[in-house]
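This report describes selected features of one protein model. Please consult the sequence and the structure shown here while reading.

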Amino acid sequence: MRITALAGGVGGARFLRGLLHHLERTGDEAAELTVIGNTGDDITLFGLRVCPDLDTLLYTLGGAVDEGQGWGRADESHHVAAELAALGATPTWFSLGDKDFATHIYRSQLLAQGMPLSGVTARLASRWGLPDRRVTLLPMTDTPVETHVVLDEGDGSRAIHFQQWWVRHQAALPAERFVVAGLDGATPAPGVLDAIRAADVVLLPPSNPVVSIGIILGVPGVRDALRGARAPVVGVSPLIGGRPVRGHADVCLRTIGVASTSEAVAGLYADFLDGWLVDDADPMAGRMRPVVTARPLLMSSLEAAADIAGAAFDLGVRLAAKDSAT
Ligand code: GDP
Ligand code: CA
């Protein structure tokens, strides 16, 4: 069974950790998981290339994430950041721990030696034992891309990096639109399109539909591959009662003119979505496509995340069986 998933950071990582737990507890050891990670959040800080979503996936699936935050390393110290602040280095609004710094130093070293991001990510994935768990982590593209936010200041003239808007300003500066620098000319990283085409089930975790999943879908070729995939595509809503569980997905949705409802989020994927999990608090009329299942969607524990991921996976398997029967 080949499973392919698109993922942002915390929501994607918690869901996928749940999926692996589900597969382990059901004894499904033959399953292979390929994760296509968002790189639109990537940023260069202190000369180092930082890939927040890929790192959240690595640390979470590798069992080393700070559980409270959902990102960064557990048992972290911040000596380097304190020293940088004492030197007057900026920015000071992006938190990087000492262990985390090692990841960015190593990544930057390999990139400077000419290794593509996909190669670097494979190295880091080995460090976290992902191959042993039959997990492949791919960046959506090796082309450097960065999501920027055009601020709504009347003349559309000022854009800031997505991280500055999200982390520093907590998405409180009115945004006019998102622009992803480099995306038009980006090519999917090696293996990305094949992973979608060869999958038996494609899963969309409850990642941010605009600035995580939406960015991956913007990589030329990815959306077409999903439309043409023989596998069913099953997604999980990131909203419970019309509100994001964490982060500012509602603000992102408003910025692109989409309502903050599970139904409207499904609409963003309408051209390829076959199955959709919504929370019991978000009723959606029964329909032919996507097939909607309502259940609790709060990933309050590893077991709860495994139950949700298992429900998404099982729906995908059911839809695949129905496809092959017709
Ligand atoms: P980020 O890159 O760290 O922001 O993470 P993602 O894009 O992968 O996921 C963020 C989304 O995950 C947010 O829109 C949240 O609403 C959603 N999310 C987080 N925890 C949960 C949860 O327990 N249940 C559901 N359904 N969604 C969640
Ligand atoms: Ca992110």
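## Charges over aromatic rings

In this predicted model, Arg 73 lies over the face of Tyr 59, at 5.6 Å from the ring centre. A further case involves Arg 127, whose charged end sits over the ring of Trp 128 at 3.8 Å from the centre of that ring.

## Aromatic pairs and a cluster

The count of aromatic pairs comes to nine. Among them is the pair of Trp 93 and Phe 94, which is edge-to-face, with 6.1 Å centre to centre and 75° between the planes. Trp 93 is partly exposed, at a relative accessible area of 21%, whereas Phe 94 counts as buried at 14%. The cut-off for buried is under 20% relative accessible area, and partly exposed lies between that value and 50%.

The pair of Trp 165 and Trp 166 is tilted, because the ring centres are 6.3 Å apart and the planes stand at 45°; an edge-to-face pair would need an angle over 60 degrees, and a stacked pair one under 30 degrees. Trp 165 is buried, with 0% relative accessibility. Both Trp 165 and Trp 166 belong to one aromatic cluster, together with Phe 162 and Phe 178.

## The calcium site

Which residues supply the protein donors of the calcium ion (ligand 2)? The donors are Asp 41 (OD), Asp 53 (OD) and Asp 53 (OD), and they lie 2.1 to 2.6 Å from the ion. Asp 41 is located in the loop between strand E2 (32–37) and strand E3 (43–45), while Asp 53 is part of helix H2 (residues 52–61), so the pair ties together parts that are 12 residues apart in sequence.

Both residues are buried: the relative accessible area is 8% for Asp 41 and 6% for Asp 53.

## The chain as a whole

The protein chain contains 12 helices and 14 strands. Its radius of gyration is 19 Å, close to the 20 Å given by the globule rule for 326 residues, so the chain is as compact as a globular protein of that length. Along the principal axes, the C-alpha atoms of the protein chain fill a box of roughly 65 × 50 × 35 Å.

Of the 326 residues, 52% count as buried. Among contacts between residues at least 6 apart in sequence, 71% join residues at least 24 apart. The protein chain exposes about 13,600 Å², and carbon and sulfur atoms supply 53% of that area.

Definitions and conventions
Residues are numbered from 1 along each chain as its sequence is written. Chains are lettered from A and ligands numbered from 1 in the order in which they are written. This is a predicted model: local features need pLDDT of at least 70, side-chain atom pairs count only at pLDDT 80 or more; totals for chains, interfaces and linings use all residues. Side-chain values use heavy atoms; hydrogens and water are left out. Donors are N, O and S atoms within 2.8 Å of the metal (3.2 Å for Na, K and Ca); water is not among the atoms, so sites may look incomplete. Helices (H or I, at least four residues) and strands (E, at least two) are DSSP runs, numbered from the N terminus. Buried means under 20% relative accessible area, exposed over 50%, partly exposed in between (1.4 Å probe, protein chains only). Rings of Phe, Tyr and Trp (its six-membered ring) pair if their centres lie within 6.5 Å; planes under 30 degrees apart count as stacked, over 60 as edge-to-face and the rest as tilted. A charge sits over a ring if NZ of Lys or CZ of Arg is within 6 Å of the ring centre and within 35 degrees of the ring normal. The radius of gyration is taken over C-alpha atoms; the globule rule is 2.2 Å times the number of residues to the power 0.38. Contact means heavy atoms within 4.5 Å. Accessible areas come from the Shrake-Rupley method with a 1.4 Å probe; for residues, only the protein chains shown count as cover.
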